[in-house]
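Me: Could you walk me through reading a sheet and a ligand site?

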Amino acid sequence: MEGKTILDLRDIHKSFFIGTPNEFEVLHGVNFTVKEGEFVSIVGQSGSGKSTLMNIIGALDQPTAGEYTLDGVDIEKAKDHELSALRNKKIGFVFQTYNLIARTSALKNVELPMMYAGMGRRARNERAKELLESVGMSDRMMHKPDELSGGQKQRVAIARAMANDPAIILADEPTGALDSATGRLIMDIFHKLHEEQGKTIVLITHSPELSMETERIITLKDGSITGESKGTWQGLQAKEVK
Amino acid sequence: MLFFENISVAIAGLKANKMRSLLTMLGIIIGITSVIIIFIVGNSVTKGFSKILTEAGADTIEVVVLPKNTKNLYNIDDNVREMNEKDLITKDMLNQFKEEYKDKVVGLVQAESVYGDSMDGKGTVTRDNVVSKVQIRGYSKDYYKYFGNRTKMVQGRGFLDRDYAEGKRVCLVADKLVERAFRGDKDAAIGSEIEVNMNGVYYTYHIVGIYEYARDGIDIGGTTSDPDNPTTEIRIPYETARIANHAQNEGTQYIDVVVDSEVDGQAFAPEIRDYFNVKYYAKNDAYNVVVISMADQVQEFTSMFDMVKIAFLGVAAISLLVGSIGVTNIMLVSVTERTKEIGTRKALGATNKSIRLQFITEAIVICFIGGAVGVFLGITAGTALLNLLPMDLEPAIDATGIIISVLISVAVGIIAGYSPANRAAKLNPIDALRYE
Ligand SMILES: Nc1ncnc2c1ncn2[C@@H]1O[C@H](COP(=O)(O)OP(=O)(O)OP(=O)(O)O)[C@@H](O)[C@H]1O
Ligand SMILES: [Mg+2]
């Protein structure tokens with residue numbers, strides 16, 4: 001693990017309803033780092049605080065206490081527009097419910113982060129096409145989200161997450177709404193991104209089975225990290241040989 | 001760049017909620033329609049007046065004998081004794097007046113209708129079982145001299161000095177009448193006698209010429225209700241009309257004084273009034289002379305018209321206000337409905353500014369489309385309204401009105417959209433994403 005550190009979380013706490021009688025803490029001092037090129041999973045039961053953690057990692061939410069550095073940027077000190085730029089360029093989100101923009105074609109959805117980054121029309125159109133092709137969606141580019149299946153939507157979402165070549169891909173239960181065969185397809189795309197392009201990926205899941213596919217497994221229980229282990233994944237090639 | 005994306009997103013959103021969008025636009029549509037109507041009608045009327053004034057060639061001043069405390073023509077005192085011959089302006093008075101002001105007054109235009117036993121001056125001509133509506137009206141020689149360009153001769157001749165002097169029973173008929181009464185045969189019409197029935201009293205004239213019928217520009221009361229069978233004028237010399245009315249030796253209540261083009265009619269008018277009133281009406285117990293210059297008339301109409309304008313402006317302002325509240329409301333709904341989308345956009349790197357711009361653009365698009373529809377409806381309604389006015393006006397559609405309307409629409413969009421857009425921009429990304 002000689003790569004540079006992409007994520008560095010130190011003693012992260014997160015509470016809700018601060019100052020009210022029903023105040024409660026969801027994250028109780030989370031520490032871990034992720035280095036460039038790693039494929040890490042955060043696994044835990046429902047309600048353990050995985051999504052809360054992911055929102056902090058994704059600069060969508062601020063921790064109540066602790067320090068968090070994303071690719072060298074101290075999140076706590078960043079201003080609103082700097083956070084926007086950070087989310088835009090350094091992070092690629094993949095949500096359980098896809099979150100594609102309605103009434104907007106797959107192509108335009110993939111173009112969106114590039115548009116916010118200020119990329120020219122031609123360049124972003126070309127890149128969006130390439131990305132959709134890489135997830136096997138080149139024949140559905142003009143379709144609107146409501147004309148796509150769940151698996152297809154998630155493939156578009158992954159292409160969109162890759163748009164600005166982010167430092168890290170954050171996927172929260174990306175296969176949670178899909179059947180197992182389609183889930184497999186989505187997982188294979190992540191593996192491909194990791195193995196062929198060396199993408200840093202953080203996968204959040206409640207499924208120990210899926211987490212075994214990653215290089216490093218961080219177990220979250222009731223808002224604290226209770227353990228770390230290695231995955232058993234042999235690589236895409238190995239799977240095909242079997 | 002983002003601009004066009006925002007517009008296409010906005011249009012897609014509007015298409016998805018057609019009915020709602022239309023209802024939202026209603027206030028803007030009505031408001032802009034009113035604005036355009038104001039512009040079209042206002043410009044057309046102004047243009048129409050200046051056309052009438054330039055066509056008239058010379059400024060005229062109406063001199064009318066009316067009850068003494070008459071302030072304006074719409075408010076004539078009717079508590080006075082009936083007018084008699086001694087109250088009228090006689091030929092002698094007119095001759096002296098002309099002599100006195102010969103450097104300023106160039107002509108006297110007089111006109112009089114022949115009524116017979118009809119109440120309204122409307123009569124009929126029946127030929128070959130075809131009934132045509134007519135009105136007999138005598139005009140003095142100066143009418144054709146100074147307002148000759150209002151009458152276009154089609155065939156035949158005008159009146160001769162002798163026709164006026166002797167009050168000959170000759171007439172000019174409209175080409176429209178020839179079409180009906182003579183089946184369009186102009187040659188047959190000229191030289192024929194025409195018999196007019198004024199509710200049982202018959203008048204016969206010798207046709208000497210045919211003039212081109214025109215919807216009268218200034219003459220309010222021209223009947224336009226039946227374009228195929230309009231009431232046309234049988235034009236006779238003024239003196240002939242006087243004889244027909246058995247008034248050849250009487251004075252007149254009404255004359256049009258044509259003044260030299262160098263003279264300012266509005267300033268000269270009171271001088272004429274004082275001349276008549278001091279000289280002839282000082283001892284009259286009930287009547288005197290009032291004067292109305294053409295400029296006065298235009299001013300009178302303009303100020304009346306300004307009231308109509310203000311009323312329309314009021315409608316426009318209220319509609320735009322209501323419309324903008326509607327747009328604000330629908331934008332708040334839209335922001336709420338799309339909270340999750342806003343969260344997603346923020347996760348993808350949208351800045352607060354770009355979210356704000358997106359929703360303001362959407363409000364502008366709504367108002368712009370509403371405004372465009374309003375411009376179209378306004379032009380249609382404005383043109384239709386002009387046809388209802390008792391004047392023959394060319395619809396004057398100018399770019400200024402349209403540009404101002406578009407600017408108003410965009411401004412309403414910005415004002416109405418700002419607060420919802422700002423609300424969207426300030427949404428916390430995580431709260432927006434978690435919104436169900
Ligand atoms: N914005 C919030 N306000 C209040 N409570 C919250 C908020 N977000 C999360 N929580 C609470 O924090 C706890 C952890 O929620 P979180 O969504 O992180 O769990 P999770 O591990 O992602 O679960 P799942 O696997 O079901 O998605 C839950 O008890 C939840 O109710
Ligand atoms: Mg979760």
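Here is a short talk about the sheet and then the ligand site.

Reply: First, this is a predicted model, where local features need pLDDT of at least 70, side-chain atom pairs count only at pLDDT 80 or more, and totals for chains, interfaces and linings use all residues. Residues are numbered from 1 along each chain as its sequence is written, chains are lettered from A and ligands numbered from 1 in the order in which they are written, and side-chain values use heavy atoms, leaving out hydrogens and water.

Me: In what order do the 4 strands of the open sheet in chain A run?

Reply: Strands of a sheet pair through backbone hydrogen bonds, either parallel or antiparallel. A strand is a DSSP run of E, at least two residues, and a helix one of H or I, at least four, numbered from the N terminus; two strands pair if DSSP finds at least two bridges between them. Here the order is β2-β1-β4-β5 in chain A, with antiparallel pairing. β2 (24-35) and β5 (73-74) of chain A are the edges, each pairing on one side only. β4 (residues 65-70) of chain A joins β5(A) over 2 bridges, and A:L70 stands opposite A:V73.

Me: Where does ligand 1 lie, and which residues are closest to ligand 1?

Reply: A residue is near a molecule if one of its heavy atoms lies within 4 Å of it. Ligand 1 lies between chains A and B, with 14 residues around it, the closest being A:S46, A:G47, A:K50, A:S51 and A:T52. α1(A) gives the largest share of that shell, 3 residues.

Me: How far is an oxygen atom of ligand 1 from the polar side-chain atom of A:T52?

Reply: A polar contact is a pair of N or O atoms within 3.5 Å. For A:T52 the distance is 2.5 Å, and for A:S51 it is 2.7 Å.

How values were computed
Polar contact = N/O pair within 3.5 Å; in protein donor to acceptor, adjacent residues only side chain to side chain.
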